[in-house]
2 protein chains.
Amino acid sequence: MPAGDPSAPAAHAGHAPARVDKEHSVRVELGARSYDILIGEGLIDRAGTEVAARLPGARVLVVTDERVAKLHLGRLEIALSGAGIASSTLVLPAGETTKSFAHLERSVDAILEARLERGDAVVALGGGVIGDLAGFASAVAKRGMGFVQVPTTLLAQVDSSVGGKTGINTPRGKNLVGAFHQPALVLSDVATLDTLSPREFAAGYAEVVKYGLIDRPDFFDFLEKNRAAIFAGGPERAEAIRISCEAKAAVVAADEEEHGARALLNLGHTFGHALERAVGYDAARLVHGEGVSIGMALAHRFSVKLGLATGQDAGRVAAHLRAAGLPTEISAIPGPAIGRETLMEAIAQDKKVSRGRLTFILTRGIGRSFLAGGVDPAEVEGFLDEELSQ
Amino acid sequence: MPAGDPSAPAAHAGHAPARVDKEHSVRVELGARSYDILIGEGLIDRAGTEVAARLPGARVLVVTDERVAKLHLGRLEIALSGAGIASSTLVLPAGETTKSFAHLERSVDAILEARLERGDAVVALGGGVIGDLAGFASAVAKRGMGFVQVPTTLLAQVDSSVGGKTGINTPRGKNLVGAFHQPALVLSDVATLDTLSPREFAAGYAEVVKYGLIDRPDFFDFLEKNRAAIFAGGPERAEAIRISCEAKAAVVAADEEEHGARALLNLGHTFGHALERAVGYDAARLVHGEGVSIGMALAHRFSVKLGLATGQDAGRVAAHLRAAGLPTEISAIPGPAIGRETLMEAIAQDKKVSRGRLTFILTRGIGRSFLAGGVDPAEVEGFLDEELSQ
Ligand SMILES: NC(=O)c1ccc[n+]([C@@H]2O[C@H](COP(=O)([O-])OP(=O)(O)OC[C@H]3O[C@@H](n4cnc5c(N)ncnc54)[C@H](O)[C@@H]3O)[C@@H](O)[C@H]2O)c1
Ligand SMILES: NC(=O)c1ccc[n+]([C@@H]2O[C@H](COP(=O)([O-])OP(=O)(O)OC[C@H]3O[C@@H](n4cnc5c(N)ncnc54)[C@H](O)[C@@H]3O)[C@@H](O)[C@H]2O)c1
Ligand SMILES: [Zn+2]
Ligand SMILES: [Zn+2]
């Protein structure tokens with residue numbers, strides 16, 4: 001079912017043509033560290049040959065979590081051994097608490113126990129938690145070895161597996177320790193998403209919508225038209241993942257180590273992180289993508305209040321997110337009400353704060369986001385009062 | 001007391017002129033990551049201005065060990081505050097066991113507690129242990145921040161502080177986890193060496209001799225002539241450190257992430273590491289530089305046995321090391337005798353082994369070392385039998 005090319009606004013002309021293919025490949029251009037993202041149904045079955053083609057002779061350690069191991073590890077192991085790749089496996093508990101120093105040490109030890117050398121590779125099979133942790137372990141074991149991402153959540157396929165940011169959490173905060181370490185290959189088997197819970201799928205979808213809202217208005221149109229097909233697992237799902245990866249790859253190529261241009265990827269994240277912090281990172285109340293969804297809705301409404309965007313655009317964004325099953329209001333978060341002070345403190349702790357002024361990603365409309373450096377905290381307080389009184 | 005230029009064999013023509021200066025500066029050329037090594041008496045007192053000039057506005061965390069803190073921390077803190085640099089300090093236990101995951105976590109936590117950002121810096125004040133650990137912490141906290149080396153052992157001034165290799169040990173072996181992270185500045189105050197024990201000074205001197213033996217025969221001549229002055233703390237000491245840093249900087253510039261050319265820096269280290277392993281890293285019996293000294297003497301005698309070098313050269317090397325108070329025979333190691341099997345096993349475990357053949361740095365004479373890839377283990381066994389029967 002061909003569709004009009006959703007990824008070609010004027011600013012992105014020259015991209016792939018207007019077809020909904022079965023399989024896609026996106027190149028992340030980083031000179032000697034360039035790599036491919038392969039996207040398609042059933043790609044895990046080809047993992048062995050794809051890894052062998054890029055890392056000839058490499059042995060691998062597969063790192064995964066208990067839930068993903070039950071669902072998808074067997075096929076990966078068969079694919080690897082079928083291509084003559086010697087592998088061993090480390091299965092860790094599922095969940096955000098696995099991104100810790102203790103599990104980093106355990107992962108590094110498994111790499112050393114498997115006697116991997118710098119030309120060998122760690123394969124991360126799972127969501128962003130496993131990708132971030134295993135990627136960091138592969139960055140520091142023997143001062144850096146090969147790394148392959150096999151992302152199995154929508155969030156990981158469109159966001160965390162692309163760009164080389166790896167890391168762990170500490171009691172002082174999330175992602176405070178890590179390394180930039182690019183994978184040699186990202187293999188996104190979209191069929192693995194069939195086993196993902198609807199809530200996790202929707203959470204990942206928030207990041208997909210984000211790319212449209214940053215600077216791809218035609219992609220947002222595409223999402224409005226094809227949301228049902230994407231959630232149903234039609235070919236539009238892989239197409240949306242491809243465009244998301246192209247969007248992220250372009251930003252990463254321009255700013256590999258996050259010195260500036262990557263900032264727009266934080267659309268919805270200043271409010272989103274504050275909400276996650278306010279609920280104490282309790283996933284039962286709010287997962288990351290849900291926080292981003294509310295955060296993006298807030299960023300649009302805040303932009304309307306500042307006279308930057310129209311209420312019509314903000315309404316269109318919120319309607320689309322709600323249709324995808326995502327929250328768009330702070331009051332939608334279950335549990336005790338969240339106060340303005342709690343949120344303001346959490347925003348002030350966010351790393352994007354400098355000298356009393358706040359940095360936000362604001363917008364002039366759908367696909368027209370920009371970095372606003374000197375936002376007055378009083379304006380934010382006033383806005384939050386309005387939001388919380390509804 | 002000017003000396004003939006010791007650092008200018010034909011292969012290194014164009015280097016600095018033939019003077020023994022009070023202060024030296026060596027540039028490590030690594031494109032955007034280039035940096036200066038400053039070498040001189042009393043440089044710690046200028047640490048504040050030198051850091052401020054290179055990292056304007058940076059705040060710092062000083063990491064040091066208990067022994068060095070007592071001797072040199074006060075002056076560094078005064079120098080930093082004198083230049084208006086806000087600093088805090090982390091003092092760790094002295095010794096190799098500090099290079100652990102637990103102390104990495106502690107160091108990273110101190111960085112986060114001090115709220116350092118990516119533009120701020122960690123300052124390592126101490127020997128190679130502190131430099132390797134603090135450098136690694138600065139590489140991974142917030143995915144990488146500024147780093148300054150203030151090395152206080154001879155080994156650290158001529159070797160570990162130059163080149164950006166950072167890391168820790170694990171129960172499976174030394175330096176198995178780490179990162180390449182170049183400092184923004186190396187500040188070598190040679191006066192700090194006055195408080196170093198004679199044994200630690202001699203151990204560091206083994207690495208100085210190494211640079212002459214690799215490919216700088218004129219530098220070896222210089223060392224033969226000026227050994228007494230170097231040990232007595234004359235200006236020849238800083239000169240020897242300068243030439244050592246130039247030698248290492250040249251290798252690092254050619255091979256930043258150790259893909260090949262850096263291998264020659266391992267002269268004496270295959271045997272040396274095997275001896276360290278054989279004594280269970282018991283510093284009372286053998287410290288690293290002593291192992292390297294015996295290893296270099298063995299590499300020369302092994303080269304003689306293989307018909308590559310003359311006994312005269314091997315004798316000259318051993319005589320110089322012995323005059324410096326360094327061991328040159330396996331039997332010089334105190335404690336239980338070390339057997340051939342123990343050494344062969346340790347050599348086989350070394351990372352420079354591939355497919356049954358051994359890789360050694362051998363030599364055709366003083367300053368004429370080369371990488372030999374396919375050494376037959378039986379030849380090594382025969383050689384060790386001779387050495388151990390003496
Ligand atoms: N590195 C980056 O650039 C980057 C970007 C965004 C987010 N992140 C990180 O990603 C993490 C979140 O990633 P996530 O949302 O994928 O979380 P996750 O890895 O915890 O996965 C969510 C849950 O889904 C399960 N799961 C994974 N794949 C499945 C499948 N195919 N079927 C059924 N269940 C499956 C997991 O076991 C887990 O319980 C966070 O730690 C965040 O910091 C990193
Ligand atoms: N990164 C690299 O490229 C590289 C290269 C070679 C060695 N290394 C590492 O360096 C480490 C050895 O370094 P080291 O020999 O400096 O050991 P070290 O840091 O343990 O210092 C040796 C001892 O000297 C003391 N000391 C330091 N400065 C002093 C001073 N000025 N006065 C009195 N005492 C002082 C220390 O407290 C310690 O007890 C090893 O861990 C080795 O792996 C790293
Ligand atoms: Zn996100
Ligand atoms: Zn050494």
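Me: What stands opposite R27(B) in β2(B)?
Reply: That is D36(B). Helices and strands here are DSSP runs numbered from the N terminus, a helix being H or I with at least four residues and a strand E with at least two. Two strands pair if DSSP finds at least two bridges between them.

Me: How many bridges join β1(B) to β2(B), and which way do the strands run?
Reply: Six bridges join them, and the strands run antiparallel. Strand β2 of chain B covers residues 35-40.

Me: Before I go on, what kind of model is this?
Reply: This is a predicted model, where local features need pLDDT of at least 70, side-chain atom pairs count only at pLDDT 80 or more, and totals for chains, interfaces and linings use all residues. Residues are numbered from 1 along each chain as its sequence is written, chains are lettered from A and ligands numbered from 1 in the order in which they are written, and side-chain values use heavy atoms, with hydrogens and water left out.

Me: Thanks! Back to the hairpin: which residue takes a positive phi there?
Reply: G31(B) does, with phi near 55°. The hairpin has six residues between the strands.

Me: And which residues of β1(B) are on the covered face?
Reply: H24(B), V26(B) and V28(B) are on the covered face, while E23(B), S25(B) and R27(B) are on the uncovered one.

Me: New topic: where is L104(B)?
Reply: L104(B) sits in helix α3 of chain B, residues 101-113.

Me: Is L104(B) buried or exposed?
Reply: L104(B) counts as buried, because its relative accessibility is 1%. Buried means under 20% relative accessible area, exposed over 50%, and partly exposed in between, with a 1.4 Å probe and protein chains only.

Me: What is L104(B) in contact with?
Reply: Leaving aside neighbours within four places in sequence, L104(B) is in contact with F101(A), L133(B), F136(B), A137(B) and I168(B). Contact means heavy atoms within 4.5 Å. L104(B) and F136(B) are 32 residues apart in sequence, yet their C-alpha atoms are 7.7 Å apart in space.

Me: What about I130(B), where does that lie?
Reply: I130(B) is in helix α4 of chain B, residues 128-140. With 1% relative accessibility, I130(B) counts as buried. Beyond neighbours within four places in sequence, the contacts of I130(B) include V63(B), T64(B) and D65(B).

Me: Which residues other than glycine have a positive phi?
Reply: R143(A) is one of them, with phi near 60°, and N175(B) is another, at about 55°.

Me: Where are those two?
Reply: R143(A) lies in the loop between α4 (128-140) and β6 (146-151) of chain A. N175(B) is found in strand β8 of chain B, residues 173-180.

Me: Why does N175(B) count as partly exposed?
Reply: Because its relative accessibility is 22%. R143(A), at 10%, counts as buried.

Me: What share of chain A counts as buried?
Reply: Of its 390 residues, 59% count as buried.
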